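Good morning, and thank you for coming.

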Amino acid sequence: MEIPDLVQDALGDEEVQAGVSLGDEDTLCFTPTRTLIYRGEGLLSDEDVSEYPHDFERLSVSAGRRKTTFSLTYVDGKREFSVPGNRADPVLERLLESALRVNGVVEPDEGLAGVFRFSELTLAVADQRMLKHVGEYTWDGDYEAFAYDDVTGLHFEDGSVATAVVLAVDGRPERIKAPNDQAALLRKTLEEALFEYHGVGSLDELNRALETDDEGDDGESTADQSESSRGLGLDADIDPLVGGDDGTQADSAPEQEARERPAGEEGGQPRAESEWSSANAGGAGNADSRSDDRATAASADRSRSAGGGTGTAETTQRPTDRDDDLAAVEEQLAELTEAVQRQNELLERQQQTVKQLIKELRQGR
């Protein structure tokens with residue numbers, strides 16, 4: 001592409017990295033920091049060059065019958081330019097890629113494989129991550145990034161109107177619905193980016209490789225989950241299922257047996273329903289357990305008090321008996337701690353489920 005003299009003069013120390021022809025002599029040129037638009041000489045106007053820096057805070061795109069308008073919002077105001085409708089896609093891709101680099105969202109040498117707009121959803125598939133933005137504007141600072149290092153699975157669910165892209169990130173599914181007329185291109189673009197990044201040649205190979213990596217990191221991830229569950233505080237959105245005088249409580253045996261009993265047996269219920277309802281039902285079962293524990297402790301206290309009347313129960317207890325009692329207490333404490341950790345892990349999974357439902361509801365609006 002031949003670069004007009006006016007554009008050459010406006011470049012300064014920069015160079016043109018890409019360009020899009022807008023028809024006739026009009027040309028749009030991209031430098032690392034600016035978009036330069038050259039308008040050729042017309043009957044009522046002279047040739048001209050306009051520049052649009054890439055450090056804008058917000059981008060919106062409005063498509064008309066013949067032209068598409070790009071609105072760039074800066075700290076000190078808004079600027080706009082229009083291009084023919086059939087040139088809008090490459091212009092948007094190059095413009096967004098430049099803005100992502102300037103703002104440090106992607107690496108300096110990281111390319112953008114494709115940009116997709118579905119109503120209020122914008123997806124940008126880059127070499128090392130996928131970016132997602134939902135909202136009235138095409139792009140601003142309110143976006144989500146999914147690094148390919150954190151991807152643990154990729155699946156597609158075909159529908160009559162839309163295709164669901166299910167991208168698992170750290171084991172949590174991120175569901176994205178794409179209209180069927182654009183779903184094939186999105187699938188191809190996302191698959192190629194992930195295949196290239198992970199060094200595989202098919203979707204089956206990708207998922208097998210991701211499963212292998214996930215199993216290799218299982219020990220570390222389990223430890224991280226345990227640490228996370230221990231750090232779940234009382235200020236969480238869902239009240240934790242622990243409490244009592246000592247701040248802990250365990251599942252009662254009948255409740256645990258009911259959850260593990262297969263569906264269809266007397267007193268049993270499906271596992272999913274059991275786990276989801278444990279936040280409500282667990283409190284009652286655990287309260288009974290605490291009552292039994294307090295009754296046992298009270299009985300033990302009465303026994304010790306009776307022995308104290310003879311003056312021999314405490315003074316004549318052998319060291320071996322005290323060691324056994326201490327070991328039993330430690331074992332019970334370990335069991336209680338493990339039960340608390342299981343409860344907190346369940347809470348964390350429920351919170352993730354609630355957040356996912358909220359995301360899907362927002363996408364469906």
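Let me begin with D170, which lies in the loop between strand β13 (162–169) and strand β14 (172–179). Helices (H or I, at least four residues) and strands (E, at least two) are DSSP runs, numbered from the N terminus. Please note that this is a predicted model, in which local features need pLDDT of at least 70 and side-chain atom pairs count only at pLDDT 80 or more, while totals for chains, interfaces and linings use all residues. Residues are numbered from 1 along each chain as its sequence is written, and side-chain values use heavy atoms, with hydrogens and water left out.

D170 is not a glycine, yet its phi is positive, near 55°.

D24 sits in the loop between β1 (18–23) and β2 (26–30), and D24 is exposed, at a relative accessible area of 82%.

β13 and β14 run antiparallel and are joined by eight bridges, and two strands count as paired if DSSP finds at least two bridges between them. Within this pair, T163 has A178 in β14 as its bridge partner. The open sheet to which they belong has three strands, in the order β12-β13-β14, with antiparallel pairing. β12 (151–157) and β14 stand at the edges with a single partner strand each, so one side of each has no neighbour in the sheet. From one strand to the next, the twist averages 20°.

Helix α3 (residues 180–198) lies across β12, β13 and β14, and runs at about 140° to β14. Axes here are lines fitted to C-alpha atoms, for helices over the stretch in contact, and angles run from 0 to 180 degrees between N-to-C directions. E191 is buried, with a relative accessible area of 14%.

Finally, β5 (residues 58–63) and β6 (residues 67–74) form an antiparallel pair over six bridges. They make a hairpin with three residues between them, and A63 stands opposite T68 in β6. Thank you.

Note on methods:
Buried < 20%, exposed > 50% of the residue type's maximum accessible area, 1.4 Å probe, protein only. Contact = heavy atoms within 4.5 Å.
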